Amino acid sequence: MVKRKVRLSEILLNSSVFLSTTLSALALGLIFFYVIREGTTLLNWELFTGNYHSRNYIAEFQDEQLQNYDMPDLSKVENVYPVDRFGIVLQEDIDLAGNGVVRVYYVHPDSPFNKMISKEVGTEEVDLDVGMIFQRISYVNHPTSLSRGGAQKFATELSDPQREVYELFFSDLGGGIKGSIITTIYLIFMTLIIAVPFGVLTAIYFNEFAPSNWITKTMRSFIETLTGVPSIIYGLLGITVFVPLTVRFTPAVNSNLIAGALTLSVIILPTIIRTTEESLRVVPDDHRAASLALGANKTQTTFKVVLPQASPGIITATFLGIGRVIGESAALIFVLGAAIKDTVNIYEPSTSLAVHIWSMMTDEPANIALSSTIAILILAIVLVINLSVKIGVKLLTRKGM
Amino acid sequence: MEKVIETQELSLNYGDFNALSNVNLPIYRNKVTALIGPSGCGKSTFLRCLNRMNDLIDNVKVDGIIRFNGEPVQGVGVDVIELRKKVGMVFQKPNPFPMSIFDNVAYGPRQQGIKDKATLKGIVEKALKQAALYNEVKDRMTESATRLSGGQQQRLCIARALAMEPEVLLMDEPTSALDPMATQRIEELIEELKKDYTIVIVTHSMQQAARISDNTAFFLLGEIIEFGQTSEIFANPRDKRTEDYITGRFG
Ligand SMILES: Nc1ncnc2c1ncn2[C@@H]1O[C@H](COP(=O)(O)OP(=O)(O)OP(=O)(O)O)[C@@H](O)[C@H]1O
Ligand SMILES: [Mg+2]
């Protein structure tokens, strides 16, 4: 009787172990699969280096003797619509963020589109370059036409000999995430510069210098608790303390990158303290004793003997911190804002990659493709970080450090 | 014979626990003094009093007098760092720092502010030669010390202590983690070092104490039962308990 019971429970245990493993692996696999399937269409170097906000141009069309332009061979290209009359080819395409646009596929050097007069700067000529986006065409005696109609509609209209173009509104390709990448890099560096020294020194204090009494014990468990606090609460701290503080002492006028970095520092500080402390704790007391017995003082012992041995732990802590910075969104929406920028200024709002995803998903309609592409980028960064931690720690330990 | 260290009515308590009581012991210059006794009798505790390593332990209370070259060792006004420079220590388990061989030996002098490369090199080489390790490591000074064998590591730790040019070397069971060959090398080394240094060694091996020491102190339950010349103690122990211990009939 007893024996059979044990067996049954063992079978149950084994099968639930197996089941849980399979389910977890499946869930994780599905996330990767989904993100990669959705995100790869937009994966493109230009996305990472391109501006989000496109530069717009309004230009006046000049009366021009039309001629016959020799056009490129289009037989192998899809979704292109030539306009022989003006020597251009339009293409139905998507921008970096995946929105449908009318792009310039070809423009003849002598095309009247290359001899337009910019409305902003006065009489200066503006060129239409390949890759630019047609936004709006105004005709003489005909209603203005918008890009929503697509490349084919534009091409048909332009090919109509009755129509005289009066004005063109066009722009660069937009939707790039360059600014958000730069912001993220700024955030990482600024956060680490603040949090790592503070965290490491605090850990040193707790582990090497603090007397073990109830005060330090309480502080320790307090820090332990802080690692589990939801980041949105740190966001509150950021908006009530760091944003006003930075507004008071820097040129910033509202949410800004410095406040973001300060908030993130507070978020990663407990992790850095704890991880560093753990690595300090495993440094053998023998080494401390040996150093002190050689007439070294406490400070020398701590910084020359103990701390170097904790460096793998500190590196791990640093990279855990980077991961946290890259992944944080909720708190940053408060303190850094959600304004997507192409040029980053530490005194101004901007977005990190994670918040960029948030912005894309709160757009109407949600831009899942671009979000997934950014997600791929984030996953890749996290992967690279994890690998470099492993390699770095291994190298350090092999050196005997 | 000149006393380098002397304790008078030395007692030590760990909290409520009395680990040493009324210990009177002279340590003579250029002699090897062996401390023997069953486990837990306070040998290490006594040794740590001599360079104030007990300061690292909480709740330690020391009473009585310890003198090093006639100067008191206990007391708030004493420069502990100066004391530890003069009274070096070698631990039971070899504990080289995870640094290069050179950096290990140079560690102590460097912390005293010596930066000059040539000076450091001279100190390191001298210490390694004194510790009979130089020939084995002279071509691998930049290698990590943790790659040395246990016996080599222990000699490195001795060299590291010698680099401070101490007067006294305290050794707490320095060979208990080593094989017989490595042990023999350390014993030969101690014989050699005696010329320039005063050595206090804790050991559990009666043979070792008999082989290398000039004087022996037998500890039991925190007290010194017998102290005298090693030959005397091993040949004619005055106390029955000493006899029982050295003949192996005891704990
Ligand atoms: N840090 C400490 N706190 C409290 N009690 C201690 C401490 N260190 C040692 N003791 C106690 O003091 C007594 C003497 O210890 P000590 O380490 O000096 O013995 P020992 O003679 O060196 O023993 P062994 O031969 O095993 O090394 C022991 O009973 C030990 O339990
Ligand atoms: Mg001991």
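## Strand pairing in chain A

Arg136(A) has Leu146(A), a residue of strand 8 of chain A, standing opposite. The model is a predicted one, and the pairings described here are those computed from its atoms. Strand 8 (residues 142-146) of chain A is joined to strand 7 of chain A by three bridges, and the two run antiparallel. Strand 7 and strand 8 of chain A form a hairpin with one residue between them, and Asn141(A) in the turn has a positive phi of about 65 degrees.

Strand 7 of chain A also takes part in other pairings. Seven bridges join strand 7 to strand 9 (residues 164-171) of chain A, again in the antiparallel sense, and within strand 9 of chain A it is Phe170(A) that stands opposite Phe134(A). Strand 4 (residues 100-107) of chain A pairs with strand 7 (residues 133-140) of chain A over two bridges, also antiparallel, with Ile133(A) in strand 7 of chain A as the bridge partner of Arg103(A).

## Two sheets in chain B

An open sheet of four strands in chain B has the order 2-1-4-5, with antiparallel pairing. Strand 2 and strand 5 (71-72) of chain B each have a single partner strand and stand at the edges, so one side of each is left without a neighbour in the sheet. Strand 1 (residues 3-14) of chain B is joined to strand 2 of chain B by eight bridges and runs antiparallel to it; in this pairing, Glu6(B) stands opposite Pro26(B) of strand 2 of chain B. Helix 1 of chain B packs on this sheet, where it touches strand 1, strand 2 and strand 4 (60-68) of chain B, and its direction makes about 120 degrees with that of strand 1 of chain B.

A further open sheet in chain B is formed by six strands in the order 6-7-8-3-9-10, and its pairing is mixed. Here strand 6 (87-90) and strand 10 (223-229) of chain B stand at the edges with a single partner strand each, so one side of each is left without a neighbour in the sheet. Direction ignored, neighbouring strands of this sheet are turned by 15 degrees against each other on average. Strand 9 (residues 215-220) and strand 10 of chain B run antiparallel and are joined by six bridges, with Phe219(B) standing opposite Ile224(B) in strand 10 of chain B. Helix 7 (residues 180-193) of chain B lies across strand 3 (32-36), strand 7 (168-172) and strand 8 (198-202) of chain B, and runs at about 150 degrees to strand 8 of chain B.

| Residue | Protein atom | Distance to an oxygen atom of ligand 1 |
|---|---|---|
| Cys41(B) | polar backbone atom | 3.3 Å |
| Gly42(B) | backbone N or O atom | 3.0 Å |
| Lys43(B) | polar side-chain atom | 2.8 Å |

Taken alone, ligand 1 exposes 630 Å², and the protein buries 65% of that area.

Technical notes. Residues numbered from 1 in each chain as written. Chains lettered and ligands numbered in written order. Predicted model: local features only at pLDDT ≥ 70, side-chain atom pairs only at ≥ 80, totals over all residues. Heavy atoms only, no water. Polar contact = N/O pair within 3.5 Å; in protein donor to acceptor, adjacent residues only side chain to side chain. Areas by Shrake-Rupley, 256 points an atom, 1.4 Å probe, with all protein chains shown as cover. Pairing = 2+ DSSP bridges. Axes fitted to C-alpha atoms, helices over the stretch in contact; angles between N-to-C directions. Contact = heavy atoms within 4.5 Å.
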